[in-house]
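Subject: Structure for your review

Dear colleague,

Please find below the structure that I am handing over to you. My notes on what was found in it follow directly after.

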Amino acid sequence: MFDVTILTIFPEMFPGFLNYSLAGKALEKKIWNLEVMNIRFFAKDRHLTVDHIPYGGGAGMVMRPDVVGDAVDSVLSTHKDTKFIYMTPSGTKFDQSIARELVGFPHITILCGRFEGIDQRVIDEYTPYELSIGDYILSGGEPAAMVVLDVCVRLLPGVVNNSGSITEESFSYSGGVLEYPQYTRPKQWRKHRVPKILLSGNHKKISDWRQKQSQVITKRRRPELLDGEINDKFT
């Protein structure tokens with residue numbers, strides 16, 4: 001089983017969209033398990049305060065290391081071998097290959113930051129794997145964590161009925177390029193027709209056409225993928 005613990009100040013956000021479609025069915029079948037822990041339970045005052053103003057000044061608030069640290073310790077006391085992840089815009093950019101590595105861990109813990117992030121001493125103490133889903137800023141790590149989990153869960157055995165569809169998707173098909181165009185019935189819709197090659201029944205020619213289309217689309221939209229640009233993976 002793929003076991004997941006989420007650390008957040010908004011536990012009610014989960015499972016969110018992970019409770020639907022493939023991920024939701026897999027959760028119901030216990031192919032994966034989700035535990036959500038409220039960081040506020042580890043607050044030190046009656047107001048359940050988890051943040052404070054930053055030393056040195058600056059805008060926003062920072063999540064306190066004593067509160068976050070106690071929450072992390074609580075998880076580590078039960079899951080000593082967990083893969084600890086912190087969702088942050090400054091982390092390594094998430095991709096399909098990282099997802100494949102993550103599902104190899106029996107347990108992962110995802111810390112969802114809020115405000116201006118967490119105190120650096122938490123990172124120094126636990127050295128989490130810092131992960132980002134893109135070059136933009138969200139209100140918190142929760143949506144990012146859900147994206148990561150959605151990608152991971154569909155890679156688990158028994159989640160996607162046709163396992164071949166996983167290997168032919170963008171970033172998986174033909175060496176990590178974008179997926180080729182897809183067509184279904186009717187053969188003609190308005191002025192648009194299905195490419196004749198797909199109706200030929202010649203599987204070798206169809207495969208060659210799809211690979212060529214993948215290369216063309218990738219070159220136009222994501223040329224850096226063809227340059228062999230990769231992220232630093234787990235160490």
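Is glutamate 224 buried, partly exposed or exposed? In this predicted model, glutamate 224 counts as partly exposed because its relative accessibility is 24%. The side chain of glutamate 224 meets that of arginine 222 in a salt bridge, with 2.4 Å from N to O. Arginine 222 likewise counts as partly exposed, at 31% relative accessibility.

The chain as a whole

The chain has 235 residues, and 40% of them count as buried. Its secondary structure consists of 7 helices and 9 strands. Taken along the principal axes, the C-alpha atoms fill a box of roughly 70 × 40 × 40 Å. Among contacts with a separation of 6 or more, 75% are between residues 24 or more positions apart. The chain exposes about 14000 Å², of which carbon and sulfur atoms supply 51%.

Charges and salt bridges

There are 29 positive and 28 negative side chains, and the centres of these two sets lie 16 Å apart. A search of the whole structure finds 7 salt bridges.

Aspartate 119 is buried, because its relative accessible area of 15% falls under the 20% limit.

Another joins the side chains of lysine 204 and aspartate 208, at 2.7 Å from N to O. Both residues lie in helix H7, 4 residues apart, which is about one turn of the helix. Lysine 204 counts as exposed, with 56% relative accessibility, whereas aspartate 208 counts as partly exposed, with 37%.

Helix H7 also holds lysine 212. This lysine 212 is exposed, with a relative accessible area of 57%.

Aspartate 51 is buried yet has no salt bridge, and the nearest side chain of opposite charge, that of arginine 40, is 5.7 Å away.

Patches on the surface

A patch of positive charge on the surface is made up of Arg185, Lys187, Arg193 and Lys196. Lysine 196 sits in the loop between strand E9 (192–193) and helix H7 (203–221). It is exposed, with a relative accessible area of 74%.

A nonpolar patch is formed on the surface by Phe17, Tyr20 and Val147, which together have about 310 Å² of accessible area. Valine 147 belongs to helix H5, residues 141–153. At 32% relative accessibility, valine 147 counts as partly exposed.

Backbone features

Most residues other than glycine have a negative phi, and most peptide bonds are trans. The following places depart from that pattern.

Which residues are joined by a cis peptide bond with omega of about 5 degrees? They are phenylalanine 14 and proline 15. Proline 15 lies in the loop between strand E1 (2–8) and helix H1 (21–28). A cis peptide bond also joins arginine 185 and proline 186, with omega of about 0 degrees. Proline 186 is found in the loop between helix H6 (164–167) and strand E8 (188–189), and arginine 185 is one of the residues in the positive patch described above.

Serine 21 has a positive phi of about 55 degrees although it is not a glycine. Serine 21 is found in helix H1 and is exposed, with a relative accessible area of 56%. The C-alpha atoms of serine 21 and lysine 212 are separated by 32 Å, and the two residues are 191 residues apart along the chain.

Phenylalanine 115 also has a positive phi, near 60 degrees. It lies in the loop between strand E6 (107–112) and helix H4 (120–126).

Yours sincerely,
A colleague

Technical notes: Residues numbered from 1 in each chain as written. Predicted model: local features only at pLDDT ≥ 70, side-chain atom pairs only at ≥ 80, totals over all residues. Heavy atoms only, no water. Helix = DSSP H or I, 4+ residues; strand = E, 2+ residues; numbered from the N terminus. Buried < 20%, exposed > 50% of the residue type's maximum accessible area, 1.4 Å probe, protein only. Contact = heavy atoms within 4.5 Å. Areas by Shrake-Rupley, 256 points an atom, 1.4 Å probe, with all protein chains shown as cover. Lys, Arg positive; Asp, Glu negative; His and termini not counted. Charge placed at Lys NZ, Arg CZ, Asp CG, Glu CD. Patch = residues over 30% accessible without salt bridge, like charges linked within 9 Å, V, L, I, M, F, W, Y side chains within 5 Å. Salt bridge = Lys/Arg side-chain N within 4 Å of Asp/Glu carboxyl O.
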